[in-house]
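Please read them with the structure open.

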Amino acid sequence: MKTCLVVDDSKVIRKVARHILETLEFTVSEAGDGREALDACMASPPDVILLDWNMPVMSGMDFLRALRESDVPTRPKVVFCTTENGMAYIRAAIEAGADEYVMKPFDRDTLESKLQIVGLA
């Protein structure tokens, strides 16, 4: 089964994403910030990470940079999931190593299409 780590400081967003991902037959784990997510990836890298931009402790961008510099055994696909919709934000995320970008709020179809783009749906 495919695995996804949902990283967001909002419990509601994590719950919504979990529900959608489980209907797409993913095994889902959650992290409330980038530090928790980095620890989870080092322990057991998921196939894909759904990553929020703005979080306390460690932001999505800081997490992405730390993940790229880490010696994580296998590199997960990363889909940034945020309310930041400016082209500069999208470009920065892709340049930092994100594979795809989805705007909040998102629905099942939108998320499924982004996962297809990164080869996981």
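1. The count of salt bridges comes to nine, where a salt bridge is a side-chain nitrogen of Lys or Arg within 4 Å of a carboxyl oxygen of Asp or Glu. The model is a predicted one, in which local features need pLDDT of at least 70 and side-chain atom pairs count only at pLDDT 80 or more, while totals for chains, interfaces and linings use all residues. Residues are numbered from 1 along each chain as its sequence is written, and side-chain values use heavy atoms, with hydrogens and water left out.

2. One of these bridges joins Asp8 to Lys104, with the closest N and O atoms 2.8 Å apart. This pair links distant parts of the chain, 96 residues apart, since Asp8 lies in the loop between strand E1 (2-7) and helix H1 (11-23), and Lys104 in the loop between strand E5 (100-103) and helix H5 (108-117). Helices (H or I, at least four residues) and strands (E, at least two) are DSSP runs, numbered from the N terminus. Both Asp8 and Lys104 are buried, a term that stands for under 20% relative accessible area, with exposed meaning over 50% and partly exposed the range in between (1.4 Å probe, protein chains only).

3. A second bridge to look at is that of Arg14 and Glu30, whose side chains meet at 3.0 Å, N to O. Here too distant parts of the chain are linked, with Arg14 in helix H1 and Glu30 in strand E2 (residues 26-31), 16 residues apart. Arg14 counts as buried because its relative accessibility is 13%, whereas Glu30, at a relative accessible area of 33%, is partly exposed. The two residues also belong to a network of salt bridges that links Arg14, Arg18, Glu22 and Glu30.

4. Arg108 and Glu112 form a salt bridge at 3.3 Å, N to O, and both lie in helix H5, four residues apart, which is about one turn of the helix. Arg108 has 34% relative accessibility and therefore counts as partly exposed; Glu112 is likewise partly exposed, with a relative accessible area of 22%.

5. Turning to the rings, the structure holds three aromatic pairs, counted when the centres of Phe, Tyr or Trp rings (for Trp, the six-membered ring) lie within 6.5 Å, with planes under 30 degrees apart called stacked, over 60 edge-to-face and the rest tilted. Trp53 and Phe80 make a tilted pair, 4.9 Å centre to centre and with 35 degrees between the planes. Trp53 lies in the loop between strand E3 (48-51) and helix H3 (60-69) and Phe80 in strand E4 (residues 77-82), so this pair ties together parts that are 27 residues apart in sequence.

6. Phe80 also pairs with Tyr101, and this pair is tilted because the ring centres are 6.3 Å apart and the planes stand at 45 degrees. With Phe80 in strand E4 and Tyr101 in strand E5, the pair ties together parts 21 residues apart in sequence. Phe80 is buried at 0% relative accessibility, and Tyr101 is buried with a relative accessible area of 6%. Trp53, Phe80, Tyr89 and Tyr101 form one aromatic cluster.

7. Finally, the charged end of Lys2 sits over the ring of Phe26, 4.7 Å from its centre; the criterion is that NZ of Lys or CZ of Arg lies within 6 Å of the ring centre and within 35 degrees of the ring normal.
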